[in-house]
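Hi everyone, thanks for coming. Please have a look at the structure on the screen, and then we'll walk through it together.

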Amino acid sequence: MQRHQFHANNRPKVHKIDDARTISHRDGDVSGWKWASNYNADEQTYTWTLSVTPKTVASKLVITDTAGSNLSFIKDSFVLVDTSGNPVEGTCNVSIKGQVATIDLGNVKAGEYRIQYKTKVSEEAIKKLQDGKKLDETQNDMRWTWGAEGENGGNSSTTPSELKYSMVSKSAD
């Protein structure tokens, strides 16, 4: 326990009561959002960017990203990047189970963290587009949790602009 005495200069004077001290901190707020930045018609892939921004510290920050059924994650495409899209050092442990990718960033300090990755549009979806049908199930949902027990959380969802077959057909060039 600390006692504060205020002096004329309004600075607290701290008196130490005991020698052992445990300091607890509350994880700060974390905001986040995501977007599909481009579609590559030759590869039939979307590039996605996830962004999380802790205002102070965030312990055990984990992002769970769920892709629509017409999309599949490209496992080795996940990378931690700066705001210009350049790869940076840091923790970005990824596990994928079906339509869900879990990205563990560990303990992070204040700042913006971005993860980029790709999803492939399914062949079935491409066939639907060839038949002139509207493509559903391309949405992508992101949730994030942080704190000692994952007690804090947020979410963001996005659906890329409507695909048309002319966007996904390969050229002969």
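Predicted model: local features only at pLDDT ≥ 70, side-chain atom pairs only at ≥ 80, totals over all residues.

Residues are numbered from 1 along each chain as its sequence is written, and side-chain values use heavy atoms, leaving out hydrogens and water.

So what is pLDDT? It is the predictor's confidence in each residue, from 0 to 100. The protein has a mean pLDDT of 78, with 75% of its residues at 70 or more.

Now the layout. Helices (H or I, at least four residues) and strands (E, at least two) are DSSP runs, numbered from the N terminus. The protein has two helices and 12 strands. Of its 173 residues, 34% are buried, where buried means under 20% relative accessible area with a 1.4 Å probe, counting protein chains only.

Next, the sheet. Which strands form it, and in what order? Five strands make an open sheet in the order β8-β9-β5-β11-β12, with antiparallel pairing. Its edge strands are β8 (93-97) and β12 (152-158), each pairing on one side only. Two strands pair if DSSP finds at least two bridges between them. Strand β11 (residues 140-146) is joined to β12 by seven bridges, and T145 stands opposite G153 in β12. As background, strands of a sheet pair through backbone hydrogen bonds, either parallel or antiparallel.

Finally, let's zoom in on T49, which lies in strand β4 (residues 45-54). Is T49 buried or exposed? It counts as buried, because its relative accessibility is 1%. Beyond its neighbours within four places in sequence, T49 is in contact with several residues, including W33, W35, R114 and I115; contact here means heavy atoms within 4.5 Å. The side chain of T49 also makes a polar contact with the side chain of Q116, at 3.2 Å. A polar contact is a pair of N or O atoms within 3.5 Å; within protein, one must be able to donate a hydrogen and the other to accept it, and residues adjacent in sequence count only if both atoms are side-chain atoms.

Conventions
Buried < 20%, exposed > 50% of the residue type's maximum accessible area, 1.4 Å probe, protein only.
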